[in-house]
Amino acid sequence: MDTDMENGRHRVFNFKIGKLDPELINEKLEKVFNSLECAAKVNIALGFVLRDIETSKFRYLYAHENNTLFEKSHLLYNMEDLKTLKSKVESLDLVESCARERQTTKWKFTLLTNVTVFAALLKNIPMGCSNIATPDPLLHNCFVNCLLSNKITKEVYNDNMCLFRAISLHLAGVRGAEAEASKIFNSFIGKTGYDAASFNGVTIDDIPIVEEIVELNIYIYDIDLQEGKFIGELVRRSIDKFDNKIQLLRYNNHICYVDNIDSFFNRFRCPTCDTFFKRSFNLNRHVLLCKEKVKNIYPTNVYSLRETLFDKLNNFGIPYTDEQKLFNNLAVYDFESICVPNSGLEPTPTTVWIGKHVPISVSISSNLIDEPLFLCDEDPQSLVISFITELEIIAEKSKGEMKAKCSQIESAIGSKLSTIMEKLNQRIGGSIGKKFEYEDECVEEEEEKDVSIQFLQIQKNHYLDLRNHFDRYINTLPVFGFNSGKYDLNLIKTYLLTYLINTKEAEPSVIKKANSFVSCKFGDVQFLDSMNFLETMQLLGNSSYGYQIMDRSRHTETLYLGDEKTHKAINGKMFKKLSTNAQDLYEVELLKAKVEHREPIIVGFFILQNAKLRMLELYYNFFDKFCDVNKFEEMEMDTDSLYIALAEQDLYDCILPEKRKEWNEMRANDCTDKFKADAICNFFPRTC
């Protein structure tokens with residue numbers, strides 16, 4: 001049975017198909033294309049059955065966004081895009097794509113059951129000024145006219161004409177702006193046929209029409225506010241049909257006017273490769289040549305471990321005590337839930353939905369509070385808000401305690417940083433009359449020739465990095481849950497993220513592994529799962545090589561965004577997949593534009609290859625030479641282990657009678673002071 005489900009910007013098409021044939025899959029893609037009402041980024045996953053050739057057992061692998069055919073989603077907008085996508089499907093080795101999901105080579109592809117197409121919809125969002133909340137740094141910026149009210153009459157705008165007013169300010173100035181805006185608006189309505197009474201704003205697709213009316217090339221930059229600094233991202237580049245151009249700002253789909261965009265933005269960022277530029281000209285030139293390929297960075301020189309805060313303090317000669325080195329503040333929590341019937345969950349032929357897990361209570365404990373806290377509320381949203389409020393109170397206590405405990409370190413860092421700043425002000429301020437602030441400002445070309453200034457600049461950046469690291473260390477409160485990455489955080493994420501993003505306007509930093517939260521940080525609170533730390537010693541003991549050959553190119557970035565920012569993320573070249581978290585709130589997974597490979601991969605490869613060599617030495621130097629081949633059978637082998645089946649009670653009984661004397665003599669050498677390990681006989685623990 002074919003199904004089609006849509007939830008906000010996320011649409012899933014599922015088709016029954018019984019033959020692994022690219023032509024049949026392309027037929028389904030054509031159906032998807034005809035069903036779409038807007039452009040979309042699409043990816044394909046297969047549901048199939050594998051069969052174990054030894055046991056004849058079957059295993060079904062369902063279609064999911066974690067096992068798609070393509071690493072990135074592909075744009076589907078017109079027939080040309082459909083043709084390109086079809087050709088990519090035809091070029092795939094579909095059997096190999098299914099086989100890569102199997103556990104061992106014993107499992108063989110048997111049957112294709114269904115094909116699922118995941119579509120992230122690029123619904124166009126109009127740009128207008130209704131109900132816009134403008135942050136204070138933007139509202140009070142001297143370079144920007146936010147176009148929220150008439151500068152002369154003080155009348156508040158609420159008619160979604162911000163784009164036309166920005167253009168009219170550029171063409172006619174403040175006095176003639178209103179008349180010019182009405183003129184442009186009427187021409188636009190006449191060309192598009194939109195209803196003026198219900199006008200919601202101009203979409204990106206309508207911008208070429210506006211360009212034709214005003215005969216201007218229109219460039220639009222999104223505003224990203226990071227730590228009080230404005231970062232610009234080019235979201236709409238003109239094809240430059242006209243002689244003159246206008247550069248506009250967009251914040252939450254509201255257009256603002258700026259006379260000199262280079263004076264407003266601290267930096268410009270390429271949305272594809274995350275490279276930063278000082279001027280808009282450099283960004284526009286770069287965008288023409290920028291490729292969507294991921295940039296892999298390989299460090300040079302000798303491998304070194306990443307420095308901790310206390311390694312950096314040692315390097316700068318800042319003393320600290322063992323007590324300051326110990327961070328002993330933490331909080332723990334545990335949620336309880338109830339199963340609430342949900343009439344919206346309809347049963348299927350194979351599944352009957354009983355209800356939905358809803359949080360009902362939470363317990364919090366910490367070394368910073370006298371008694372454990374118990375919160376209970378029938379409203380899950382209210383419960384989560386109370387939970388976050390209590391954690392923030394505890395985090396504030398932790399920050400105050402750690403700040404007092406490490407005040408000596410903070411003073412030492414501040415003193416050394418002030419000394420560097422004073423030297424820089426003397427050298428640079430004396431020559432150009434400019435005071436040097438803490439921000440990472442760029443010096444002029446002629447100043448860079450001065451080696452001493454460059455050295456001081458490097459020292460300043462190192463101290464700034466140390467201070468930021470120190471602030472993160474003393475401010476962050478770790479909050480642990482047991483198996484919380486898989487259950488608790490997934491239980492509350494709908495309410496948690498809605499509150500953080502929509503109410504507190506915070507941007508949580510999330511690290512996920514499949515559907516499990518490894519870390520979730522916002523403000524001074526960081527959620528962690530204690531299960532990840534319980535396995536640490538095992539990882540250190542026998543699986544460290546796995547980290548050393550970790551493939552960082554498969555790491556992705558997870559963001560939780562509102563509807564407007566989701567549209568932009570879907571349209572980006574690094575977009576991978578989308579899932580709906582709550583109404584108008586989405587989980588977006590992006591590929592990383594830059595991947596830094598920091599691991600000593602040569603060590604990991606050496607361990608794996610040396611382990612194979614050691615296993616071969618064991619087989620040919622012991623089993624093949626000393627044992628009766630009819631009394632043992634190798635079953636399974638790993639990097640550090642071998643599983644065998646024996647026909648005797650003990651491995652020693654499998655040794656050939658005529659070889660036991662030689663073996664005993666060799667083993668006797670293990671019990672002397674001249675013992676020396678070799679690849680001939682030292683495979684087993686010493687018995688003396």
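Reader: Which residues lie nearest the centre of the second largest pocket?
Author: Pro299, Tyr303, His597, Arg598 and Glu599 lie nearest its centre, out of 21 residues that line the second largest pocket. Keep in mind that this is a predicted model.

Reader: How does the lining divide into nonpolar, polar and charged?
Author: The lining of the second largest pocket has 11 nonpolar residues, four polar and six charged.

Reader: And how much space lies in that pocket?
Author: About 540 Å³ in the second largest pocket.

Reader: Switching to the largest nonpolar core. Which residues touch the most other members?
Author: Phe387 and Phe527, in a core of 36 residues. Several elements supply at least two residues each, including strand 15 (331-340), helix 12 (380-405) and strand 21 (525-529).

Reader: Which helix gives the most to this core?
Author: Helix 15, with nine residues.

Reader: What is phenylalanine 527 in contact with, leaving aside its neighbours within four places in sequence?
Author: Among its contacts are Tyr333, Phe387, Ile388, Leu391, Val479, Leu489 and Leu496. Val518, Ser519, Cys520 and Phe522 are also in contact with phenylalanine 527.

Reader: Now helix 7. Which of its residues are buried?
Author: Ile207, Val210, Glu211 and Val214 are buried in helix 7, which spans residues 207-214.

Reader: Why are they on the same side of helix 7?
Author: Because they cover an arc of only 105° around the axis.

Reader: What covers them?
Author: The cover over the buried residues of helix 7 includes helix 5 (162-172), helix 6 (177-192), strand 8 (217-226) and strand 9 (229-236).

Reader: Which residue just after helix 7 takes a positive phi?
Author: Glutamate 215, with a phi of about 55°.

Terms used: Residues are numbered from 1 along each chain as its sequence is written. This is a predicted model: local features need pLDDT of at least 70, side-chain atom pairs count only at pLDDT 80 or more; totals for chains, interfaces and linings use all residues. Side-chain values use heavy atoms; hydrogens and water are left out. A nonpolar core is a set of buried Ala, Val, Leu, Ile, Met, Phe, Trp, Tyr and Cys residues joined through side-chain atoms within 4.5 Å. Buried means under 20% relative accessible area, exposed over 50%, partly exposed in between (1.4 Å probe, protein chains only). Helices (H or I, at least four residues) and strands (E, at least two) are DSSP runs, numbered from the N terminus. Contact means heavy atoms within 4.5 Å. On a 1 Å grid over the protein atoms alone, a cavity is a set of points where a 1.4 Å probe fits but cannot get out, and a pocket is an open set with protein on both sides within 12 Å along at least five of seven lines; lining residues have an atom within 4 Å of a point. Grid points are joined across faces, edges and corners, and a volume is the space filled by probe spheres set on the points. Ala, Val, Leu, Ile, Met, Phe, Trp, Tyr, Cys and Pro count as nonpolar, Asp, Glu, Lys and Arg as charged, and the others, Gly among them, as polar. The arc is that of the directions from the helix axis to the C-beta atoms.
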